[in-house]
Each structure stands twice: as structure tokens, then as C-alpha cells.
Amino acid sequence: MDDPYSNAVTYQPLGEYLKENPDQYDSFKQMVIERFQAKPVLLCRIDTTEEDDEDFSHHHPVLWLYQSLFSHSDFYDEDEKLDTFMQQAFMASTLEDEAYDLEAHIRSQITDTLVEASENALKERAEYLAYLARDERQYELNFGTQVLKPLILAMPQGEQLWCYIENGEDRSALDALEEIELIPLAKAHAPEMSAQIEDHLCSFEYNNQGITEELNSILDLVRGDLLTDHFGEESTIEHENGLITTLTVTADSDKGRLEARRQQYLRVIDVFYHALGKRELRKYMMESLTEGDEDALLSRQDCYRRYSQLPAPETTPSDADNEPLEPALSRDVQSIFCSFTDNDEMLYSKHFKHVDKVLRTSRDLSRPTHWPEPHMGFMALASYQLHRDFNENLGDDVTEALFHYLNEHNVWEMAASHIVKEAFIQGAYYCPEDKGLNEADVARIKAYFMTDKPTESQESLLALLEPQLFRDDCCRRSHIYLNKYSEHQSGYKLFQDHDEDFQRFTLIAFWLRQLPLPLRAQADRLWQFIITLAPVRAARNILRAYSDDSWDIEFENILDDINIQEQLEKAGINQGILSAYEMDRQFHDTKRYQHWIDVYSEITSTETSMFGSIDRKKAEAMRDGLRYINEHTKIEFLHHASLKYPEIPLDLNHDFKRALNIMVQLNIQSWEQALAYELGKSCLFVGDGDKTPAKLRLPIIADEDTVHDQPCHMDGMSWMAITVVQKRRNEQGDDHHVILMADHEVPLEAYHESLPRGPLLIFAEDVDSQALLTRIAELQNTKARIEHIVMQTLEYLEGKTDFDSITSLYAAQLSGEYFSPNAEEYTMYGLNQFIWTMDQVRRDRFAKLLLNHNYRGFKAIERNYEKPWLHHQLSQGDIDFDIYLERIREYDNEATETGLRFLLKWLVELEINPAHITLFCIKHSDFEACCEFIHNHARGKHGNFKKTLAYLHAGRRAQLPEILSQASDAAILMEPLTKDRSRTVKEAVANYSPA
């Protein structure tokens, strides 16, 4: 069996055996022929979205078989390696030619297809198409009940159960119904319902328990049928401001029918509840029945009474007379506790309304006396109720009990411990040697948050703690760590939204600091700590607590939004930060977003009136606040503001330089690769020592000039020690290698027996060894190399460095094959944004540089193929900003034929490598403009077409015949491809050549 972590094999590949025993090859081919004569290859997967039988003629099963004759790694996204692999010599030809020749011979002898879908693949496709058909009919009148009915009728007393569902008059059959294994019952009697169940079940819970877990999804069809208003009529109202409201109007005579169907749905759940062994409904099923002021079918307590096996009344007292809590009420109270103590659940308006509706209807229920063990969730619950008591002018023994609960359970020690847990501690696992808090540091931190009058200031506390907090950074290339949100806002694990999130402590501090209680000082101290480190995240956590949506921050009443924003500003969060964050939240709401652009436009106002000054200061504060939101949104906003209001200066020089620096960090070659490129043919070998060519496997020695007193490893990878050697010849005429430099942690004795297994560089004898060591020292200063590349790029954009010089620098220092202009983190900005903020001259220069460096440089314009055309229209006054913004968002990651044609014209004018443009056009050949470019290139325009063919791998070249066949002179254009070394390409030419 192959070692999955190595290219080595523990058996002889069949291909090697056949090469060693060529007399067996004819027998092998005969066995292959007989195999295909007996039965075609079965595909385990086919296109599940097509109803018609798939055309399998384009498959080449013999080619697949021949690929397995030799050991190889996975060719995923490695087309060039696959091409090279298939061109290896095999028998009297190549592996690829032998495969195609044998397949052609088999096809000449067999009339049937060589490939067909397996029964399982056909079954999967039929199941998927049936799922799509059911989903399409989800809200169709009576469809869901028709799917369900056979399953109900197959149950014991099924007719009576169905009558119960329809009219609810006789529940004797329901009361007698015991648990039934529903999966086999549905398979035997209700195939459509069985398929609906199968669609949603998990393989590890393929039983009644699994059905209970997924019941909400399983009943989608029934719910879509019974809870949809099939009888109302839609009415459209167009408002003066252009907004259109669509309402469903139901006649009074039909409202009774709607209610009857709602009750039928509940009775369907009654039947499932009994048939599933009276297992309690899960969270999502419960929420679908109880949430929504108008859509709720039951109250939570009624739901518990109906679908839970409630215990006998509790002995827990609810008041001074020791009267036990009603079981359903007790369960409802427990559900509140679960929500507040579930660290994975963000608290929002729904949870606090639940508290108001259940706990705060009775002062006795608000008592913390019988809460379970202390938890930050209960601390938040106590703080919320204290805050509500204060705002409602309540002050009684319950208020006092809530206050004592927080004191007795050391809320501030709990908060401080939680903070310290998210920091490096000396001696703890994974704590770097140069980091970590000691015991005295931890004591200082806890004292700051817990005592009435700490000796530490916030500044000294932050200086001690902030460097030790775990970061929530963007990590690339295993050793590059970047701020995920913005240059000015670090990310902290402490404030993540999952796994023991800090939202509850944020809420505790926010509420308690507003109260005239002794706790106020510590609460404000914690609050100031949070908003100093992460003001946007603090605002987000508070706003989400008041939001009517579980994820997005949305308010049904705009006054609620205004009120909480004012509270946050009074609590010390800068108005500019709040404005910037609100813009960020509303970025995809075009109308609200444009409002913020208008607000920001006041930054250039010269108005001296009171209101004019206020508007200008608000815009200036927002400018400062933009530094703390996602930097990607910041750049988009500033760019859009400058497009709509050209008088607004767009100064992004600092941000662009930083983005350029990040790009260089991500793509800079390790020093040994850069050195090998510079030395050219004088570098005899660079790579893994195990792969050294036989002629360079020479004895290796160290001498008095060997550098062995310092690190020598790949950039950012201290574990990848590099050895630098030079080929020499001694007086006796024997060749050997002399070690010029080796990592100080690798003993020189390790080289006595063989070449190193790790990275190795071998240089020719005529290279000046001292000059080489000097250049190595220079290249190992990665920071200086990065700064040099950045400065040279900036000078090039200003016209102070010529194109040939900067391209040579990029080729020597930056990766080509894996080039990426961005960190590819959605919150971070990248060069793909800045290229559109530049003036036309700098944009042209930058695009020419990136897109010529490597095809992957096209990522700088990815998802923005329509932008050049829209920018042109906007600059010419053919469209206004509102239309520009609308179309930019409409064509995100898409393009029009006109836009693509304009883009290609721009690329040609920039003299982008035609091979790169051709590859781009192949990938977008559904556009006429792209096909026309390839036709013209094949006719001799835009450079040498043969060079482009040499650049493309076989898989891409094989796509060209179909594109070229659309031209009137297709035969002439395809001529170069008829001589292609790849059989795959020749087969494509044969398929698409004009008759």
C-alpha cells in the first residue's frame, strides 16, 4: 500500500513491470479489450441536475486506466504535471498515445458505450430530481398533506388518526398510539414521505431519534401546505418615494379556514409526537411553533404541556407560601437559564423579551435564590434585571437579592479570570519563551478589575496585558500574521463570537455602570477596558442584544436603534466609530449606504453656521472612525464617496503602501530561491537533497571557510535547514562539494556520509564564494528586501523606474506560480481594491505590471470585469454615480458582453502578455468578445500564437478547437494544433474540425 505522506510505493507499478517485460504488453491489452467487451466502466457519480441521460462519449476510460499504471501524486489543479506525466515514454510511444490508440481500437470493435452510469448513480440522480420537484411544490395547496397521508394511514388505526388530523374530534386513536419505527413504515407504504425523511436524516442517527432531531425540516412540505395562506390575494401599493409594498389580503370568510389548517398542522405534530415515543421536540421545532407575534401557534408553556412529558409539580417554591411551580412554567424558566448559560448562543432581543414575559411578570420568579451554579450567563441575567428595575423605579428585596447575587459570586473575579484565560501564561502549553504573564502579573490584573480603588491605571494595565492576549489574526504561509480587521484594530480571541464569547461580560459592564450602586466603579473599569481594546466589537455586542434579528443588527422600531446608539455614545464610544460601524452594517443596503456617503460629503463643507459646523464635525469624526471598521469596507466607502463627490480628496497613499507591503510579504521568494534565480546557470541545483541529479552526487566536506555559526534556513521556516555547497576539484582531479554555509543546529558530521535530505543549493566552481556569502547575507534580510520592492514599485507607478527594471525585480524576488495580490480575507483590503482608486495613468502601469508578472496577477481584477467599462462611462458622464453603484453591485463577479469587450481592449492596449489574455479568454469563452480575441490571435494578431500554445498546458489547448471552430476560417486556425504533441489536443481537433 502507498504511504499517503510519501511518493514511495511498496509494490512495483504495473507500468514499470510492462516496460521490463514488453512481451507481456500484448496480453495486457487483450485483457483490457476483453474487459470492455464484457462490461463498460461504471461511473459512481454523474450530473444529478440533468433529467436526460448524460452523454458519456467524452469520457476516456482507457486513459484513466493508463494513468494508474504508474505511481503519481494527485494531479488536482496540477494540469502541467499531468501533461508531463502522460507524455512519458512508454513502449514504442508515449503513455498518452498508447492509451488513445488502444481506446480507438476498442471503440472500433464495440458498438456500445465504454462508460455508463452505475445503478447507484442513477438512483442518486433520481432521488435528487425528486427532491427538487418536492421542494418546488412545497407551498402548493394540499401537496404536503398528500405526501404525508399514506404514512399516517399505515399506522395503527390510521383512518381514525387521519380523521383526528382533519377535524380533531376523536383522539382515542392518538391516545392509543405507541412508538412505531417510522423509517421502515414509510419505506413500505409512503415512498414520497420516506424520501422526504431520508433527505434530512443524518446517517449516524438513522432512527426515530434522528427523525425527532430533524422533525422541523422533515415537515417542511406539510408546513408549507397547511400554514400558507392559499386563499388571500396580493395587493401592491406604490408609495410616493418609489417604494413598493406587497400585502396579502385575506377575506374575513377565509380566516376561519386558515385557523382550521393551523390546528390541523398541530394535530399532525401530535401524531408524530406519539409515534416517535413522546420524545420532546427539539429547539428549531419548538421555535417554529412558538415564535412570532402573529405566526406563533402556541405559547412556549402550552408547547411544553402538549409536547413534553412534564414531571409532577416541583417542590421548588415560587413564593413565600411554598406553592410549587407549575411544571410548564418551570420548563419555561429552565429554557431561559439554558439560553443565558449557552456560551455558543448570542443573546439578542428575543431572549430578553422572554425574560420580561416570564420572569418579570412575577417578582418572585425574578429571585436568584434557586438559580443553578454561578455562571457568567446568570451574572448577565441578574445585571439585566437590575438595570430594568432601575429604569422602572423598582427597589425591593428582589432587587437587593440580585445585587447580593453578583457580589457573593464575585462577578468581577469571574470576568478577570476569563480575560486572563485568553492570554499567554508562563509555563502554560504553547506559551512562547519571550511571552507570558507570571503569577504576580495575574494578581495585578485581577486586582485592577476587582478592587474598589486599584493601584494600576488603565494605561499600565493595558501595557501589561494587551501584548499577552491571544490574537485573532489572519495567518498566511504559516508565519505571516496580519491584523484581520484593520491596521488600527487588532483582533483578540477574547472577543470572538463563539466558544465562551465575551458578550455577556460586555453586557454586564454596560448595564451595571449606569446604576447608582457600589458595583458601578468596577463595571465602568471593565467597560473602559473593552471599548479601548475593541470599540466596534463592544458596540456590536450591545447592539445585537437589542436587535430584533438573531444575526444581523435590525430594529423594527427605528427609535430603539436611535436610543441604543445614544446610550453607546454616552458610554464613551466615539460617535465617529459608531457612525462608521453603522455604515459598515448598512453597506449592502444601497439607500442607507448612500445616506452615509451624503453624510460624509460634508467633510469638505465650508459652511460656518451652527448646523454646518455640526455636520462637518460629524463627517470628520466618521473619517477617524473608519480606521476601526473592516478595512475592506473603509476603502470601498472612501472610493465611492470620492466618485460621487469629486471634491472629496482621496488620500489612500498610506493604506496602499501597506497593502503593497502585505502583497510582497505574501509572495516574496525565500532567499535561496531568489539567489538561485540571480545566479542562473551558475546555480547547478536547487531543491531537496534527495533529488540531486546523479552527476552531482559527490563527496561533501567542510573547510576553514565554512560558515556554521548562524541560522541558515528557509525564510519563516526555522525547521527547514538549508545547506549551500560549491562544486570544487582537488589537485588529484577529483570532484567534490565544499560546504559554504550550513545551519548552526546541523552538525557538520552529518554531511560525512551523504548529501543533506533537506533544501540544498549547489553552485559552480567559477562563482566567487565570498561574494556569494555576502549576497546570501543581503538576501536573508527579508525586511530590507520587502522594503526595497515596495519602494521600487511606488517609484515605477510614479514613472521614476522603467517597466523592464521592475519586471526583472518581480521575476527575481516574487513568486509567479502561486502569486496572490491579496491576503484573501474578506475583511482586509487588497490591491484588487486599490487598482480602481488610482488615476488612469497609475492604474494602467499597475495593471501592466501585475497582469504580466503571472497569469495569477489577474486576481487583481477578478470579480471586477465590468468595472473598467463602468469607470469609463462614469468619467465620460454617460452614467451617474447612482447607476454606477447599482451596476457594480449587479455585476459583482459577472460581466456584460460590452464590459468584457472593453476590458479586453484595455488589456491589449496595456500590452499584457497575449498568452495570459488567451488563458483568461478560454476560461470565459461563453463571451463572444473572448472567442473573437482568440480567433484574431490565431490569425497572427496580438503576438505569436505559437508562443501562447507553448504557454498553455494540454488541457487548455484542448479547449481551443471548440472555440476556433466557430470562426469562418476554422481549418486554417486549427492547423498549428494538428501537430500538437498531446493526443488529447489532437483528439479535440478531430472532433471539431470542419467537415
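Student: In which sense do strand S13 (residues 723-729) and S14 pair, and over how many bridges?

Tutor: Before the answer, a word on the source: this is a predicted model, in which local features need pLDDT of at least 70 and side-chain atom pairs count only at pLDDT 80 or more, while totals for chains, interfaces and linings use all residues. Residues are numbered from 1 along each chain as its sequence is written, and side-chain values use heavy atoms, with hydrogens and water left out. Now to the strands: S13 and S14 pair in the antiparallel sense over seven bridges. Two strands pair if DSSP finds at least two bridges between them, and strands themselves are DSSP runs of E with at least two residues, just as helices are runs of H or I with at least four, both numbered from the N terminus. In this pairing Val-724 stands opposite Met-741 in S14, and in the hairpin, which has five residues between the strands, Gly-733 takes a positive phi near 85 degrees.

Student: What makes strand S10 (residues 700-701) a partner of S14?

Tutor: Two bridges join S10 to S14, and the strands run parallel; Ile-700 stands opposite His-737 in S14.

Student: Why is S10 called an edge strand?

Tutor: The open sheet of five strands has the order S9-S15-S13-S14-S10, with mixed pairing. Strand S9 (683-688) and S10 stand at the edges, because each has a single partner strand, so one side of each is left without a neighbour in the sheet.

Student: How do you know that strand S14 is mostly covered?

Tutor: Seven of the eight residues of S14 (residues 735-742) are buried, where buried means under 20% relative accessible area, exposed over 50%, and partly exposed in between (1.4 Å probe, protein chains only).

Student: Why does His-935 count as buried?

Tutor: His-935 has 8% relative accessibility, and therefore counts as buried. His-935 has its place in helix H44 (residues 928-938), and, leaving aside residues up to four places away in sequence, touches Ile-963, Leu-964, Gln-966, Ala-967 and Leu-973, contact being taken as heavy atoms within 4.5 Å.

Student: Why is Phe-803 called partly exposed?

Tutor: The relative accessible area of Phe-803 is 23%, so the label is partly exposed. Phe-803 is found in helix H37 (residues 803-813) and touches Tyr-796, Lys-848, Leu-849 and Asn-852, not counting residues up to four places away in sequence. The C-alpha atoms of Phe-803 and Thr-793, ten residues apart along the chain, are separated by 9.9 Å.

Student: Which residues of the largest nonpolar core touch the most other members?

Tutor: Among 174 residues, these are Leu-526, Trp-527, Phe-529, Phe-637 and Phe-920. Helix H20 (residues 376-391) gives the largest share of this core, eight residues. A nonpolar core is a set of buried Ala, Val, Leu, Ile, Met, Phe, Trp, Tyr and Cys residues joined through side-chain atoms within 4.5 Å. Apart from it lies another core, of 48 residues, including Ile-165, Ala-173, Leu-219 and Val-268.

Student: What makes strand S11 (residues 713-714) and strand S12 (residues 717-721) a pair?

Tutor: Two bridges join S11 to S12, and they run antiparallel. Met-714 stands opposite Met-717 in S12, and in their hairpin, with two residues between the strands, Gly-716 takes a positive phi near 75 degrees.
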